[in-house]
Amino acid sequence: MGSKISFAGIFVISATAACFAELCTLPLDTAKVRLQLQKRGSGEGGVSKYRGLLGTVVTIAKEEGLLALWKGIIPGLHRQCIYGGLRIGLYEPVKAFVVGSHYVGDISLFSKVFAALVTGAVAIAVANPTDLVKVRLQAEGKAGTSRRYDGALDAYYTIVKQEGLAALWTGIVPNIARNAIINAAELASYDHLKEVKSRMMGDSVYKNTFDCFFRTLKYEGPLAFYKGFLPNFFRLGSWNVIMFLTLEQVKRFFG
């Protein structure tokens, strides 16, 4: 990360790159959310409605229209502006704090991983409401059947009105754990190699993280935790390639 660019500059650059990556890969994320929220044998005749990455994408586009694959894009961009900007923008200052502002020499991988864990946790703690709204909108089925919100702003307002302000931070514990680890894996490894990244959000019936875990395990089995693995794998892979390539080009433009 370029130390010559200010925090504000890095924040804007990172948010721009993250938003572009979100626009390109959101259909894969929508497919992942639908697969994760699908109950076993919930379709007609006990057959699952969504089957596989491409099958889910095709089913959504066929039944709801192509634009349905970009449901949740507005809160998705909100999320990337906040989460994407903070997790990268704070990385260098936190890393410098960890090793000391006067440290000279190569910074250890441990220090980079720790800094990325901290920035990932802080960023998603701030951005969790946007993540929640994005998943809620992505989870909505065919228009007119189970639509609860008229867009992102209505979703924020309705959730607070019906469920309370704290509901915007539903799923915060697993979200922090997941995003802190992903951020450490993505950002620290990216930084290091250069020198030598919904079930609770989609359904409010769960009381807490443990209740969600045990109820899912009891009623759907251990494989339920791996629903949407392939679309998530491909989405994160392509998301990071696009994001980091865009990040470097935008940094070069500003630098």
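**Figure 1. Helix α6 in the predicted model, residues 152-163**. The 12 residues of α6 should span 16 Å at 1.5 Å a residue, and the end C-alpha atoms are 16 Å apart, which agrees. The expected span is 1.5 Å times one less than the number of residues. Helices are DSSP runs (H or I, at least four residues), numbered from the N terminus. Ala152, Ala155, Tyr156, Thr158 and Ile159 are the buried residues of α6; buried means under 20% relative accessible area (1.4 Å probe, protein chains only). These buried residues pack against α3 (73-89) and α5. Just after α6, Gly164 has a positive phi of about 95°.

**Figure 2. Gln138 in helix α5**. Gln138 counts as buried because its relative accessibility is 0%. Its side chain joins that of Asp29 through a polar contact of 3.1 Å (N or O atoms within 3.5 Å, one able to donate a hydrogen and the other to accept it; residues adjacent in sequence count only if both atoms are side-chain atoms). Beyond four places in sequence, Gln138 is in contact with Leu26, Asp29, Thr30, Val33, Arg34 and Lys71 (heavy atoms within 4.5 Å).

**Figure 3. A nonpolar surface patch of about 480 Å²**. Phe97, Val98, Phe110 and Phe114 make the patch. Helices α4 (91-99) and α5 (109-139) each give two or more residues to the nonpolar patch. Patch residues have over 30% relative accessible area and no salt bridge, with nonpolar side chains joined within 5 Å. A salt bridge is a Lys or Arg side-chain nitrogen within 4 Å of an Asp or Glu carboxyl oxygen. Phe114, in α5, counts as partly exposed at 41% relative accessibility (partly exposed lies between buried and exposed, the latter over 50%).

**Notes.** Residues are numbered from 1 along each chain as its sequence is written, and side-chain values use heavy atoms, without hydrogens or water. In this predicted model, local features need pLDDT of at least 70 and side-chain atom pairs pLDDT 80 or more, while totals for chains, interfaces and linings use all residues.

How values were computed: Patches are made of residues with over 30% relative accessible area and no salt bridge: like charges are joined within 9 Å, nonpolar side chains (Val, Leu, Ile, Met, Phe, Trp, Tyr) within 5 Å. Accessible areas come from the Shrake-Rupley method with a 1.4 Å probe; for residues, only the protein chains shown count as cover.
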